[in-house]
Amino acid sequence: MEEKITGSDALWRSLIEEGVDTVFGYPGGQIMPVYDRHCDYADKIRHILVRHEQGAIHAAQGYARIKGRPGVVLVTSGPGATNVVTGVADAMTDSTPIVVISGQVPSGALGTDAFQEADVIGLTAPITKWNYQIRRPEEVGWAIARAFYIARTGRPGPVVLDFTKDAQVGLTDFRYEPCQFIRSYVPDPSPSEQMVEKAAHMLDEAERPFCVFGQGVTISGAEKELAEFLSKGDIPAGSTLLGLSALPSGFPLYRGMIGMHGNVAPNILTNECDVLIAVGMRFDDRVTGTVSTYARQAKVIHIDIDKSELGKIITPEVALRGDAREVLARLTRKMQPRKRSEWTRAHLRCESVEKEKVIDPEVHPGSGFLKMGEVVDRVAEATGGKAVIVTDVGQNQMMAARYSRFARSRSFLSSGGLGTMGFGLPAAIGAKVADPGREVCLFVGDGGIQMTLQEFGTIMQDGIGVKMILLNNNWLGNVRQWQELFFKERYSQTRMLNPDYGMIASAYGIPSRIVKDRSELDGALREMLSTDRPFLLDVHVEEEGMVMPMIPPGKGIHEIMLTENEWFS
């Protein structure tokens with residue numbers, strides 16, 4: 001006879017069956033029965049008590065991106081659930097597998113505007129892969145199994161389960177059955193042999209092929225297959241923001257990051273290639289610039305697991321719907337080996353100009369105020385490119401992306417499509433929880449850190465050794481840059497009066513150091529990296545620094561500002 005247990009017990013047992021070892025959450029009235037039962041499962045599932053529900057979901061995102069499996073969030077009803085909505089939308093845009101479990105008022109009170117009731121299903125339907133309201137305890141195992149299957153398969157994403165209080169306390173027979181199939185849901189499509197052969201023939205005939213790749217490579221575990229594909233075809237490649245670290249920074253055919261603040265060479269090569277092969281990326285507007293001028297000369301091959309992305313922005317000559325790892329392996333087998341020495345050297349002039357006009361002045365200024373890129377470069381050198389780099393959103397994000405170096409995959413975490421300020425600090429916590437043996441370095445601005453600053457409490461309580469590098473310039477720097485360039489220097493609400501961050505860190509028992517001069521930087525980095533404890537490095541950088549190069553809004557990716565007064569030509 002099957003054992004009768006409460007819906008809350010069924011939840012914890014189901015999570016254990018799914019291999020969950022960590023939950024990020026915050027208790028409240030309508031999820032209290034679940035939290036009560038956690039006392040009996042605490043030896044199997046660690047709970048990280050955040051200080052705000054937004055912190056819970058961003059931490060779960062950081063955990064998921066490092067682990068490659070769903071992060072789990074547990075919150076109460078009403079404001080607890082609505083506080084995670086931003087992170088749910090972020091996870092949907094950036095293909096991050098998340099399972100959110102929110103408490104809900106009892107079934108009999110639904111629709112009565114009961115205390116802390118919110119229509120979680122209605123709120124999250126447009127920004128989830130699936131959501132479901134659990135109203136009976138016998139549904140718990142089925143819903144959890146389905147949620148994890150949907151969240152992690154195909155193009156990963158968030159799932160929300162809304163758990164009514166009566167379902168939490170009611171009794172049910174329990175037997176867990178993992179989900180392995182859902183009718184009409186095809187998470188692992190595979191392109192026809194004919195289409196793969198057509199793509200291979202296009203690449204064999206190409207004289208100037210170029211590859212742009214995104215996070216889909218990392219999600220599918222296709223790093224090795226990508227490197228073999230590029231090497232066999234002698235094909236240069238550029239990465240999207242979230243694709244960073246899928247190839248080592250020193251990979252011979254890697255040309256850098258594409259897009260608005262990307263490197264000059266890959267942007268120029270995109271508009272000079274004759275075949276463009278896109279792998280696990282979605283042609284975001286920050287990548288393409290003006291679509292009407294994007295790679296118009298090229299035949300496009302697009303590999304993506306999500307059917308909705310194929311032809312949505314750029315119409316491909318060949319659309320290969322499938323897992324990047326499988327498709328790249330098949331394509332590599334079909335493709336003829338080639339050497340394209342002249343084409344693979346076409347980037348040299350671009351790199352030379354960018355180094356002279358942008359990189360050297362940013363990384364090796366020699367005098368004046370510390371620069372953001374200079375700080376990022378020194379961190380990369382000090383960590384040997386082996387750290388997990390987490391960013392918030394803004395100038396800190398773009399500088400970290402441009403000047404970090406990566407020796408292994410799953411080493412760059414950032415909010416891409418939604419651009420969520422406040423993401424960085426809790427995401428770094430989640431990353432460190434996921435892989436405590438790796439150094440986790442957060443780059444964050446003085447605007448973004450104050451959006452989730454309360455998570456210092458989480459760091460304190462759980463002893464999470466995140467290294468926080470605050471690039472402090474007393475501005476909302478990215479908005480200020482746009483105001484200077486495109487809004488006639490009308491600096492509306494971007495100047496910031498900042499607190500003493502060291503005193504705040506001290507209140508949470510977090511050691512810190514302020515750096516105002518470059519002569520202090522290397523010593524401060526050594527101090528920060530020599531400890532297993534968390535550390536805040538408050539680096540005062542140039543106040544009105546610019547992230548360059550830049551493709552201005554409304555311009556094509558070949559129209560690149562090198563400085564405020566100089567364009568690439």
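Guide: Buried means under 20% relative accessible area, exposed means over 50%, and partly exposed lies in between, computed with a 1.4 Å probe on protein chains only. This is a predicted model, in which local features need pLDDT of at least 70, side-chain atom pairs count only at pLDDT 80 or more, and totals for chains, interfaces and linings use all residues. Residues are numbered from 1 along each chain as its sequence is written, and side-chain values use heavy atoms, with hydrogens and water left out.

Visitor: Which word describes Arg480 and Glu484, buried or exposed?

Guide: Arg480 and Glu484 are both buried.

Visitor: What makes Arg480 and Glu484 a salt bridge?

Guide: A salt bridge requires a side-chain nitrogen of Lys or Arg within 4 Å of a carboxyl oxygen of Asp or Glu. In this pair the closest N and O atoms are 2.6 Å apart, so the pair meets the definition.

Visitor: Why is Arg155 called partly exposed, and what is Glu309 called?

Guide: Arg155 has a relative accessible area of 21%, which falls between the limits of 20% and 50%, so Arg155 is partly exposed. Glu309, at 5%, is under 20% and therefore counts as buried.

Visitor: How do you know that the side chains of Arg155 and Glu309 meet in a salt bridge?

Guide: Their N to O distance is 2.8 Å, which is within 4 Å, so the salt bridge is assigned. The pair links distant parts of the chain, 154 residues apart.

Conventions:
Helix = DSSP H or I, 4+ residues; strand = E, 2+ residues; numbered from the N terminus.
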